[in-house]
Amino acid sequence: QHITSSFRRNSHLRVLRLAMKSSLQLLQEQLAPSGVLRAAINLSNPLLIKTKKTLTGVSPSLAEEIASRLQVPLQMVEYDHPDHICASLEDGSRPWDIGE
């Protein structure tokens, strides 16, 4: 009885780990298809960017946390104005995966 329940519990843990890994891989494929999370950062918003030199603030911190949870490297793509982020969507260039 004890061996059977222990085996069953270990089987459930293996399935759970596999499901979690699959979920992570799915998120990586959707949010960072190149294997690097590319985050569009709007430098003109002082509420989101504290210093431009080292990129600190809400937006960079959020991008860092998402990349960390996805277990992928982060590349911040800097824009001087939010219109430039939108323009990259319109012209199809979009060199980023997530934007603020």
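Is Ser-59 buried or exposed?

1. Ser-59 is buried in this predicted model. Its relative accessible area is 6%, which falls below the 20% limit for a buried residue. Ser-59 belongs to helix 2. If neighbours within four places in sequence are set aside, the contacts of Ser-59 are Ile-41, Leu-48, Ile-49 and Glu-100.

2. The sheet is open and has three strands, ordered 2-1-3, with parallel pairing. Strand 2 (74–79) and strand 3 (98–99) are at the edges; each has a single partner strand, so one side of each lacks a neighbour in the sheet.

3. Two bridges join strand 1 (residues 37–42) to strand 3 in the parallel sense. Opposite Ala-40 stands Gly-99 of strand 3.

4. Two helices should be read together with the sheet. Helix 2 (residues 58–70) packs on it and touches strand 1, strand 2 and strand 3. The direction of helix 2 makes about 170 degrees with that of strand 1. Helix 3 (residues 82–90) also packs on the sheet, touching strand 1 and strand 2; its direction makes about 140 degrees with that of strand 1.

5. The largest nonpolar core has twelve residues. Among them are Leu-37, Ala-39 and Ile-41, together with Ala-63, Ala-67 and Leu-70. Ile-49 and Ile-98 are also members. Strand 1 and helix 2 each contribute at least two residues to this core. Another core, of five residues, lies apart from it and includes Val-77, Tyr-79, Ile-85 and Trp-96. In soluble globular proteins, nonpolar side chains tend to be buried together.

6. On the aromatic side, the count of aromatic pairs is zero. Trp-96, one of the residues of the five-residue core, does have a charged residue over its face: Arg-94 lies there, 4.7 Å from the ring centre.

7. Val-36 lies in the loop between helix 1 (2–31) and strand 1. Val-36 is partly exposed, with a relative accessible area of 25%.

8. Val-36 and Leu-70 are 34 residues apart along the chain, and their C-alpha atoms are separated by 9.6 Å. With neighbours within four places in sequence left aside, Val-36 is in contact with Pro-73, Leu-74, Gln-75 and Asp-97.

Key. Residues numbered from 1 in each chain as written. Predicted model: local features only at pLDDT ≥ 70, side-chain atom pairs only at ≥ 80, totals over all residues. Heavy atoms only, no water. Pairing = 2+ DSSP bridges. Helix = DSSP H or I, 4+ residues; strand = E, 2+ residues; numbered from the N terminus. Contact = heavy atoms within 4.5 Å. Axes fitted to C-alpha atoms, helices over the stretch in contact; angles between N-to-C directions. Phe/Tyr/Trp six-rings, centres within 6.5 Å; stacked < 30°, edge-to-face > 60°. Lys NZ or Arg CZ within 6 Å of the ring centre and 35° of its normal. Core = buried A, V, L, I, M, F, W, Y, C linked by side-chain atoms within 4.5 Å. Buried < 20%, exposed > 50% of the residue type's maximum accessible area, 1.4 Å probe, protein only.
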